[in-house]
Amino acid sequence: MSFDFSNINPCGGCCDECEYKKNRECKGCREVDGKCVKLWTNECLIYKCCTRHKAYFCGVCNEFPCKWIINKINEWDKNGIEKLKRLTNAYLLKEKER
């Protein structure tokens with residue numbers, strides 16, 4: 001499984017698959033510092049948390065998986081934490097190969 005980690009967002013998602021980006025209502029999470037007006041009222045809390053923890057995405061945070069992210073991701077994806085774990089393993093493997 002190969003990922004383009006330059007397109008991975010703090011939540012582990014990819015903006016290239018997002019309807020808001022496809023419809024040009026948002027430039028992308030990293031490009032707008034987690035402030036997609038269409039999706040988040042003020043700002044993405046996951047983006048803000050990753051910024052605060054200096055983590056490229058949740059899976060590489062020293063506190064992953066914290067109770068907060070488990071609850072937050074479960075709001076929209078019941079398998080989100082498992083997906084983040086797989087993404088993290090792939091990311092760490094790629095970093096190790098560098």
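**Close-up 1. Lys72 and Glu75 meet in a salt bridge.** Lys72 counts as buried, with a relative accessibility of 18%, whereas Glu75 is exposed at 59%. Here, buried means under 20% relative accessible area, exposed means over 50%, and partly exposed is in between (1.4 Å probe, protein chains only). Nitrogen and oxygen of this pair are 3.7 Å apart. For a salt bridge, a side-chain nitrogen of Lys or Arg has to be within 4 Å of a carboxyl oxygen of Asp or Glu. This is a predicted model, in which local features need pLDDT of at least 70 and side-chain atom pairs count only at pLDDT 80 or more, while totals for chains, interfaces and linings use all residues. Residues are numbered from 1 along each chain as its sequence is written, and side-chain values use heavy atoms, with hydrogens and water left out.

**Close-up 2. Two further salt bridges join Glu19 to Lys22 and Glu43 to Lys48.** The structure holds 5 salt bridges. In the Glu19 and Lys22 pair, the closest N and O atoms are 3.8 Å apart. Glu19 and Lys22 are 3 residues apart in helix H1, so about one helical turn separates them. Helices (H or I, at least four residues) and strands (E, at least two) are DSSP runs, numbered from the N terminus. Glu19 is partly exposed, at 48% relative accessible area. For Glu43 and Lys48, the N to O distance is 3.5 Å. Glu43 is partly exposed at 26%, and Lys48 is partly exposed at 39%.

**Close-up 3. Tyr56 pairs with Phe57 and with Tyr91.** A pair of aromatic rings is described by the distance of the centres and the angle of the planes. Rings of Phe, Tyr and Trp (its six-membered ring) pair if their centres lie within 6.5 Å; planes under 30 degrees apart count as stacked, over 60 as edge-to-face and the rest as tilted. The count comes to 4 aromatic pairs by this rule. One of them is Tyr56 with Phe57, edge-to-face, with 6.3 Å centre to centre and 75° between the planes. Tyr56 and Tyr91 are stacked, because their ring centres are 6.0 Å apart and their planes lie at 15°. Tyr56 is partly exposed at 28%, Phe57 is buried at 0%, and Tyr91 is buried at 16%. Phe5, Tyr56, Phe57 and Tyr91 form one aromatic cluster.

**Close-up 4. Arg30 lies over the face of Tyr56, and Arg30 also touches Asn9.** Arg30 is 3.9 Å from the ring centre of Tyr56. A charge sits over a ring if NZ of Lys or CZ of Arg is within 6 Å of the ring centre and within 35 degrees of the ring normal. Asn9 is found in the segment before helix H1 (19–22) and is buried, at 4% relative accessibility. Beyond its neighbours within four places in sequence, Asn9 is in contact (heavy atoms within 4.5 Å) with Cys14, Cys15, Cys29, Arg30 and Phe57.

**Close-up 5. Helices H3 and H4 cross at roughly 115°.** Their axes come within 8 Å. Axes are lines fitted to C-alpha atoms, for helices over the stretch in contact, and angles run from 0 to 180 degrees between N-to-C directions. From H3, Ile69, Ile70 and Ile73 meet Gly80, Ile81 and Leu84 of H4. The residues of this contact divide into 5 nonpolar, 1 polar and no charged. Ala, Val, Leu, Ile, Met, Phe, Trp, Tyr, Cys and Pro count as nonpolar, Asp, Glu, Lys and Arg as charged, and the others, Gly among them, as polar.
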